[in-house]
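Reader: Please take one part of this structure and examine it closely, setting out its surroundings in a connected account.

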Amino acid sequence: MKVVIMGCGRVGAQLATLLDAEGHSVTILDTDAYSFRRLPPDFNGTALVGNGTNEEALKKASIEEADAFLSLTQGDNRNVMAAQIAKHIFNVPKVISRIYDPLRRDMYETLGIEALSPTTIFAQMLKEKLES
Amino acid sequence: MYIIIVGGGEIGYHLSQALLDEGHEILVVEKKAEECEFICSQLGSICVRGDGCEVSTLVEIGTGRADMLIAVTGDDEDNLVACQVAKHKFNVPRTIARIKNPKNEAIFKKLGIDVTVSSTNIILENIEEKVPTHPLTHLLDISDKGLEIVEVKIPPDSTTIGKPIKELPLPPGSVLSLIIRKDEKPHTPTAKTILQAGDQIIAVIPPESEVALRTALRGA
């Protein structure tokens with residue numbers, strides 16, 4: 001599978017590492033080259049400096065051939081904008097986005113953007129831990 | 001009209017002032033306390049501190065009854081999301097987004113924003129217009145009809161000077177609507193009008209004909 005990941009933070013880098021180790025073709029984008037220090041030395045994928053809300057940068061990351069796109073930056077709005085570009089302009093079959101704000105997540109779900117809110121998920125997990 | 005403005009920077013402030021003067025009900029949403037206080041001190045308590053992309057903020061300020069939302073923050077993605085939330089969650093009839101990166105114009109249109117205003121393009125056009133040798137200036141986009149109004153200046157070294165307009169290879173779909181000439185009243189050019197150095201020609205054209213029109217009027 002060809003995967004493009006936007007945002008090489010802790011989550012992005014770890015996901016890229018996992019997918020790469022399983023033999024998938026991974027391209028990871030970040031606006032700051034320093035973020036790529038989080039990738040392991042034996043990473044076989046491509047790390048590109050660029051903004052995922054920019055069409056040109058996405059093309060460089062071969063989004064046109066991608067099977068999946070994930071937007072995992074710190075900014076909810078950046079994530080949903082990139083996700084919509086991937087979905088509606090480049091027609092990437094699978095697009096997943098991280099949205100911290102649960103209310104905004106609900107709205108984008110209804111707009112057809114598959115989104116996960118770590119806020120909701122983590123709060124739920126903590127609650128379950130407490131109750132167990 | 002009840003108009004919500006997202007972003008209380010320089011543009012948000014002056015825009016709300018102008019719209020207040022026109023008698024509209026205005027509410028500005030701004031993240032920074034400092035900007036908020038400034039707007040309230042100048043224009044009355046019309047500014048709420050908060051994130052205009054957050055659904056809860058928009059609920060609080062009664063976005064459901066807004067007639068229009070205008071997003072003028074400095075971040076394209078924030079403006080996009082503010083407009084989308086307003087449109088899809090609150091059914092605001094009209095949304096306008098400011099855009100910094102001109103390339104985002106097409107993307108925003110595709111993603112359902114009613115109107116986009118590219119501040120970068122406007123500044124560029126204004127500066128270009130002030131450059132005396134600039135051959136073609138945009139005056140207005142009539143985007144829903146696929147047309148634009150442009151101005152072409154005829155410099156003294158144009159090879160077309162002295163020729164009548166009917167001899168010029170004008171691109172199809174273009175209409176020369178006005179000729180502005182020193183010491184003459186502006187008038188509509190005819191096929192027989194002969195071009196002179198210093199003429200300013202106002203034309204309505206499809207956007208893709210810009211280069212062709214410029215070449216036709218000024219020579220290669």
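**A helix residue and its surroundings**

Author: Leaving aside neighbours within four places in sequence, A:Ala82 is in contact with A:Met6, A:Gly52, A:Thr53 and A:Ser71, where contact means that the C-beta atoms, placed from the backbone, lie within 7 Å. This is a predicted model, in which local features need pLDDT of at least 70, side-chain atom pairs count only at pLDDT 80 or more, and totals for chains, interfaces and linings use all residues. Residues are numbered from 1 along each chain as its sequence is written, while chains are lettered from A and ligands numbered from 1 in the order in which they are written.

A:Ala82 belongs to helix α3 (residues 76–89) of chain A; helices (H or I, at least four residues) are DSSP runs, numbered from the N terminus. With 30 other C-beta atoms within 10 Å, A:Ala82 is buried, a term that requires 20 or more other C-beta atoms within 10 Å of a residue's own. A:Leu58 lies 24 residues from A:Ala82 in sequence and 9.0 Å from it in space, C-alpha to C-alpha.

In chain B, B:Ala82 is one of the residues that touch the most other members of the largest nonpolar core, together with A:Ile5, B:Ile5 and B:Leu69. That core has 60 residues; a nonpolar core is a set of buried Ala, Val, Leu, Ile, Met, Phe, Trp, Tyr and Cys residues joined through C-beta atoms within 7 Å. Apart from neighbours within four places in sequence, the contacts of B:Leu69 include B:Ala82, B:Cys83 and B:Ala86.

Helix α4 (residues 76–90) of chain B should span 21 Å at 1.5 Å a residue, and its end C-alpha atoms are 21 Å apart, which agrees; the expected span is 1.5 Å times one less than the number of residues. After α4(B) comes B:Asn91, with a positive phi near 55 degrees.

The two chains also meet: 15 residues of chain B are in contact with 16 residues of chain A. To the side of chain B that touches chain A, α4(B) gives the most, with 7 residues. The residues of that side comprise 7 nonpolar, 2 polar and 6 charged, where Ala, Val, Leu, Ile, Met, Phe, Trp, Tyr, Cys and Pro count as nonpolar, Asp, Glu, Lys and Arg as charged, and the others, Gly among them, as polar.

Definitions and conventions. Helices (H or I, at least four residues) and strands (E, at least two) are DSSP runs, numbered from the N terminus. A residue is buried if 20 or more other C-beta atoms lie within 10 Å of its own, exposed if 12 or fewer, and partly exposed in between; C-beta atoms are placed from the backbone.
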